[in-house]
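Q: Take me through a single part of this model in close-up. Then set that part against the rest of the chain.

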Amino acid sequence: MATTTTAPPQLPHHKVKFKKPGQRSCNEKNAKGKFCGGHLKRWFYTTDVLEKARGDAEKTWGPNAEVYRCEHCKTLYLPNPDGVSGLNVAGQGQTSVFGLTVAPKK
């Protein structure tokens with residue numbers, strides 16, 4: 001899998017990054033150089049009161065884009081363009097070592 005070297009489009013009021021495959025927590029560093037570590041949660045920006053007033057995200061990505069936001073520092077994360085599409089924050093998971101096969105969710 002190739003890594004993406006292009007930077008995501010930045011918004012005036014938000015810092016925007018790409019999620020790494022399987023990433024579930026924020027990797028943004030603060031002024032002291034420590035990682036934030038906040039959980040990445042799906043952000044529904046069309047219902048956010050402050051974002052509705054600004055309208056940056058909806059103008060850039062449309063009304064239904066998959067965007068995640070750190071619960072602490074509010075950094076926005078877009079899905080990895082090299083990754084598999086789907087709305088799974090935890091990633092694809094692993095194949096069972098016990099020979100069990102579970103049907104995928106629909």
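A: N80 is buried, with a relative accessible area of 18%; buried means under 20%, exposed over 50% and partly exposed in between, with a 1.4 Å probe and protein chains only. This is a predicted model, where local features need pLDDT of at least 70, side-chain atom pairs count only at pLDDT 80 or more, and totals for chains, interfaces and linings use all residues. Residues are numbered from 1 along each chain as its sequence is written, and side-chain values use heavy atoms, without hydrogens and water.

N80 sits in the segment after β4. Its side chain reaches the backbone oxygen of K19 at 3.4 Å.

Now the wider setting. The protein has two helices and four strands, which are DSSP runs numbered from the N terminus (helices: H or I, at least four residues; strands: E, at least two). Along the sequence they run β-β-α-α-β-β. Of the 106 residues, 29% are buried.

The largest nonpolar core has 10 residues, among them L11, V16, W61 and L78. Such a core is a set of buried Ala, Val, Leu, Ile, Met, Phe, Trp, Tyr and Cys residues joined through side-chain atoms within 4.5 Å. Two elements, α2 (56-61) and β4 (76-78), each give two or more residues to this core. A second, separate core of five residues includes C26, L40, Y68 and C70.

A57 belongs to the largest core. Neighbours within four places in sequence aside, A57 is in contact (heavy atoms within 4.5 Å) with L11, W43, Y45, E51 and G62.

Key:
Polar contact = N/O pair within 3.5 Å; in protein donor to acceptor, adjacent residues only side chain to side chain.
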